[in-house]
Amino acid sequence: PATRTINCTVSGTIPDSMDGILEKVHEAGLTLKAGCGIGYEFSTLRPRGAYVSGAGAYTSGPLSFMDIYDKMCFTVSSAGGRRGAQMGTFDVSHPDVKEFIGAKREDGRLRQFNLSLLVTDEFMQAVEKDTDWPLVFPVNIKEKNEIDVDDPTQVIWRDWPHSNNYVTREDGMVACKIYGHIRAQMLWNRIMASTYDFAEPGFILIDRVNEMNNNWWCENIRATNPCGEQPLPPYGACLLGSINLTTFVRDPFTDQARFDWEEYKEVVRVFTRMLDNVVEINGLPLEQQRNEIMRKRRHGMGFLGLGSTVTMLKMKYGEADSVAFTEQVSREMAVAGWEVALALGKEKGPAPIMDEDFTVTAEMLRKRPEMKKDGWKVGQVIKGRQLHAKYSRYMQRVAEVAPELVAELAESGARF
């Protein structure tokens, strides 16, 4: 098609180099021109004041490069069409985090962005315990001899979006230099004050996102689409669709009010097939985006009108019966959707990633100890469909209500 049918995208990882930064500006311009919104993580760029050996100078930091993306978005959107939409995410442990939190206090700055902090479990624990929080950035291979990576006062090891040119352990953890400390509660209060005053930044519980990601073994999600409802990997795109729950209420506002579960599940099945069909005509502007969506065939289905539906059924929003109803709506949608994923996989073939072979790594065994219990060892080969259906935390929860379905998905592979 001449235009895209999918609006939600995330940029490829922005490398910590001038070529990489400007290349991603170019890709973002083409993505915005096509009418898509786009998200990026900027904490992959070294902090302000860090030395750049290739340039013989000190960097101006990630926020100054965000200004370039902001102006690009404004220029592209002002050329015609609707206003461009961007999400900028930033790790809560980056040395420039305070500057990121306060960026929108400066009049007119980053107005083409929504901003969100990537908040980790470790940070929330530090807030609860009222301890100091280290501000860190990865150690480049060129700096290896300048710092003792085994000294915990100088370096901590942590997950990072990529390990290119960084000192990395066998289990995938990256060495990060400690630039300083801040009291965790003080940083938390600064976030809350800014959110209260300016409604920015929001925050994303990024460890929870990655823990529940169905593609946990081959993705490290670090950004979302501009509105924040769809976390995506580098070059990820996702078609979103919602079902209006109010249309399934029979005899609303009466004592006979009820929800038509069978029709609801049938609509979910048909809608799932429709969303999967749209993947074929995605119209995404970048080859990397097209390859990514065709390999995994992502789509996202949700629902709308929950509050109205609960009222039409004569329940009070937030009370026990409405909570149980909400859980059932979500559960029935999930199970019906995965039933179609299995059926479509048999009819049209599973998503290519399901048939791919993956080598078991130390990082996989660290993230999923149950693989070790099942006898998997580093170096062995495992199918994508097994990593998806058997070892994804989300699919493990689906298996609690539909174990035979999930077992079959592990055997033959899902369509998406």
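**Group meeting talk: contacts in a predicted model**

Buried means under 20% relative accessible area, exposed means over 50%, and partly exposed is in between, with a 1.4 Å probe and protein chains only.

Some ground rules. This is a predicted model, where local features need pLDDT of at least 70, side-chain atom pairs count only at pLDDT 80 or more, and totals for chains, interfaces and linings use all residues. Residues are numbered from 1 along each chain as its sequence is written, and side-chain values use heavy atoms, with hydrogens and water left out.

Back to the pair. Lys 265 and Glu 332 form a salt bridge, with the closest N and O atoms 4.0 Å apart. Lys 265 lies in helix H7 (residues 261-278) and Glu 332 in helix H10 (residues 320-348), so the bridge ties together parts 67 residues apart in sequence. The term salt bridge means a side-chain nitrogen of Lys or Arg within 4 Å of a carboxyl oxygen of Asp or Glu. Helices (H or I, at least four residues) and strands (E, at least two) are DSSP runs, numbered from the N terminus.

Now the whole chain. It has 16 helices and 18 strands. Buried residues make up 50% of its 416 residues. The C-alpha atoms fill a box of roughly 70 × 55 × 50 Å, along the principal axes.

How many does a search of the whole structure find? It finds 40 salt bridges. One joins the side chains of Asp 16 and Arg 46, at 2.7 Å, N to O. Asp 16 sits in the loop between strand S1 (8-10) and H1, and Arg 46 in the loop between strand S2 (37-41) and strand S3 (51-52), so this pair ties together parts 30 residues apart in sequence.

Next, Arg 183 bridges to Asp 130, with the closest N and O atoms 2.8 Å apart. That pair links distant parts of the chain: Arg 183 is in strand S9 (residues 174-183), Asp 130 is in the loop between H4 and S7, and they are 53 residues apart. Buried or exposed, or in between? Arg 183 is partly exposed, at 36%. Asp 130 is partly exposed too, at 35% relative accessibility. There is also a network: salt bridges link Glu 41, Asp 91, Arg 158 and Arg 222.

On to the rings. The search finds 22 aromatic pairs. Rings of Phe, Tyr and Trp (its six-membered ring) pair if their centres lie within 6.5 Å; planes under 30 degrees apart count as stacked, over 60 as edge-to-face and the rest as tilted. Why is the pair of Tyr 40 and Phe 42 tilted? Because the planes are at 50 degrees, with the ring centres 5.4 Å apart. Tyr 40 is buried, at 1% relative accessibility. Phe 42 is buried as well, at 0%.

Phe 123 and Trp 133 make an edge-to-face pair: 5.3 Å centre to centre, 70 degrees between the planes. Phe 123 is in helix H4 (residues 121-129) and Trp 133 in strand S7 (residues 132-138), so the pair ties together parts 10 residues apart in sequence. Both Phe 123 and Trp 133 are buried. One aromatic cluster takes in Phe 248, Phe 259, Trp 261, Tyr 264 and Phe 325.

Last, charges over rings. The cut-offs: NZ of Lys or CZ of Arg within 6 Å of the ring centre and within 35 degrees of the ring normal. Lys 177 lies over the face of Tyr 179, 4.9 Å from the ring centre. The charged end of Arg 368 sits over the ring of Trp 216, 4.3 Å from its centre.
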